[in-house]
Amino acid sequence: MTTENNSTYRIAVYPGSFDPVTMGHMDIITRASKQFDLLIVAVLNNLSKNPLFTVEERKDLLREATRHLPNVEIDSFRDLLANYVRQRNAQVIVRGIRTVTDFEYELQLASTNHKLNPDAETIFMMTHPKYSFLSSSLVKEIAHFNGDTTDLVSPEVDAALRRKFNAGREQ
């Protein structure tokens, strides 16, 4: 996509379930937002998963966590990523990598997305080493057992986790 002065307007999509968004995700979002004119953080509405937070709750938490990043847009999708990227006129898919195991899986996804949408490139960003162990599943397990997640997620996400799990304990 080009603007009126013929300079390239770079749009990237950072997809994920973000259930919930962690500091590792925020590390990638913050760094990727500096590389593109628009970074679309796209919440996958995966019908095969049983998420803790609804798509709307995840989008709200992401909006709150990224409110200081003016070129970040929060959206959701339930189509193939390659189709969504094409629909949004994005040129790049951003994926975070924590470990070698992540890379093997992400390479398979990138190859598939390139086959389905050759106009979109996938860029891998290494998560900061201090978040390399961090996953949404781990955060949910810690919160479920009333552990301290304050260094793992934003204050808003920490509060949302407490509300979710405290509501479950009261039943």
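Is H114 buried, exposed or partly exposed? With a relative accessible area of 38%, H114 is partly exposed, where buried means under 20%, exposed over 50%, and partly exposed in between, using a 1.4 Å probe and protein chains only.

Before I continue, a word on the model. It is predicted, so local features need pLDDT of at least 70, side-chain atom pairs count only at pLDDT 80 or more, and totals for chains, interfaces and linings use all residues. Residues are numbered from 1 along each chain as its sequence is written, and side-chain values use heavy atoms, with hydrogens and water left out.

H114 belongs to helix α4, residues 100–116; helices (H or I, at least four residues) and strands (E, at least two) are DSSP runs, numbered from the N terminus. Leaving aside neighbours within four places in sequence, H114 is in contact, meaning heavy atoms within 4.5 Å, with A120 and E121. From H114 to G16 there are 98 residues in sequence and 18 Å in space, C-alpha to C-alpha.

I turn now to an annotation. An unreviewed UniProt entry places the feature "binding site" at S17, K49, L81 and R95; such annotations may be inferred rather than shown by experiment.

Consider two of these positions. S17 sits in the loop between β1 (11–16) and α1 (23–33), and S17 counts as partly exposed because its relative accessibility is 23%. Beyond four places in sequence, its contacts are V43, L44, K49 and R58.

R95 lies in strand β4, residues 92–97, and counts as buried because its relative accessibility is 17%. Beyond four places in sequence, the contacts of R95 include P15, G16 and E106.
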